[in-house]
Amino acid sequence: MTTVFGQIWRLEPLSSEKKSMWRKEIELLLCVTDHIVELVPSWQTFPDGKKVEVMTSRQRSDLHVDLPALRKLDKMLLETLDSFCGVEFSYVDRGVLSANHDASHSPRRPIHLREEKWWLPVPRVPPGGLNENTRKQLELKRDSTNQILKAAMAINSNALSEMEIPQSYLDSLPKNGRASLGDVIYRYITSDKFSPECLLDCLDFASEHQALEIANRVEASIHIWRRRTTVSKPTNNTRPSWGIVKEMIIDADKRELLAGRSETLLLCLKQRFPGLTQTTLDVSKIQFNKDVGKSILESYSRVLESLAFNILSRIDDLLSADDFAKHSDKLSPVHPTALIVSQALHMQTTPFAATFINKKLDMSAKTQY
């Protein structure tokens, strides 16, 4: 699958050779799904009119529901790429841009550069920007691709959630939630006024690695709080007092509350950074999973999710270039200034744009859980 798509560098149709290769790989991946079945009761009628309940086999329910949906999403993404033919924009390689760059270059010059993605070609639009109709079509395609991305993410998330958590992952967890989260996040989650969006605004997400690290820590805390026993059971056969039982109930409720808050924080984090790579738990589940059907659903949806995200990113790059071209007459003709403004415009749409909001967290320390 990586051989066919890899990284989508340009908004252009796939070649017939790549399409054929893609179809072959998908058929090879899905060929075993017809043999992953479950038994369901049904009625069989004999020639004499007598009805007998028998067990018949059919494709497993999760495959029966999700595979047609993934095939539909697959088709829609390929149709989206096919629609980018005869367009009024083009691309220029970064090396060609650097060699040919001149302040007196053609007005059809490339618009914006991405230092963090130096290997990507630069989109180039006509002077004055794209046609309004072309702009509207791009925005419609962006909305459609975004919906496809959400659907693929939902199927992938569901497939991962149904995989068993490996014991090796549970054994590697810290002994308490505070050790996993760190003092700042722990104090905020345990405070009375908890807001996941406000907490995310206060954290520094200067890179994808930092966002992924926080996601790993938050996800680990969920399983720590839900896994740990409330209190050690008495070693003798004496019945615990009502006070001990009451403390056990309160402690269990507290842990469930904190686990729920961590789940909410993790969900908000993934919504804010849709391009976030798989967490340590996800990788561990994929590595140790023994269910072939779930592995197929996870891998197929993951590839479509990656393809949709890449198409979405390339559309965002093109829209940013168009915005810059339409406002270039208000900027200084000096190229370094134009570059800075261009990068600033782009960073507003980058999923991992740095958030430097200095807020003092006025919170009281809580008991360790």
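Reader: With which side chain does the side chain of Arg-314 make a polar contact?

Author: Happy to walk you through it! The side chain of Arg-314 makes a polar contact with the side chain of Asp-317, at 3.3 Å. A polar contact is a pair of N or O atoms within 3.5 Å; within protein, one must be able to donate a hydrogen and the other to accept it, and residues adjacent in sequence count only if both atoms are side-chain atoms. Please keep in mind that this is a predicted model, where local features need pLDDT of at least 70 and side-chain atom pairs count only at pLDDT 80 or more, while totals for chains, interfaces and linings use all residues. Residues are numbered from 1 along each chain as its sequence is written, and side-chain values use heavy atoms, with hydrogens and water left out.

Now for the surroundings. Arg-314 sits in helix H12; helices (H or I, at least four residues) and strands (E, at least two) are DSSP runs, numbered from the N terminus. Arg-314 counts as buried because its relative accessible area is 4%, where buried means under 20%, exposed over 50% and partly exposed in between (1.4 Å probe, protein chains only).

Leaving aside residues up to four places away in sequence, Leu-304 touches Trp-22, Leu-70, Leu-73, Asp-74, Leu-77 and Ala-152, where a contact means heavy atoms within 4.5 Å.

For contrast, let's turn to Trp-118. Trp-118 lies in the loop between helix H3 (94-100) and strand S4 (122-124), and it counts as exposed because its relative accessibility is 57%.

Finally, here is the whole chain. The protein chain has 13 helices and four strands, and buried residues make up 39% of its 369 residues. Among contacts with a separation of 6 or more, 79% join residues 24 or more positions apart.
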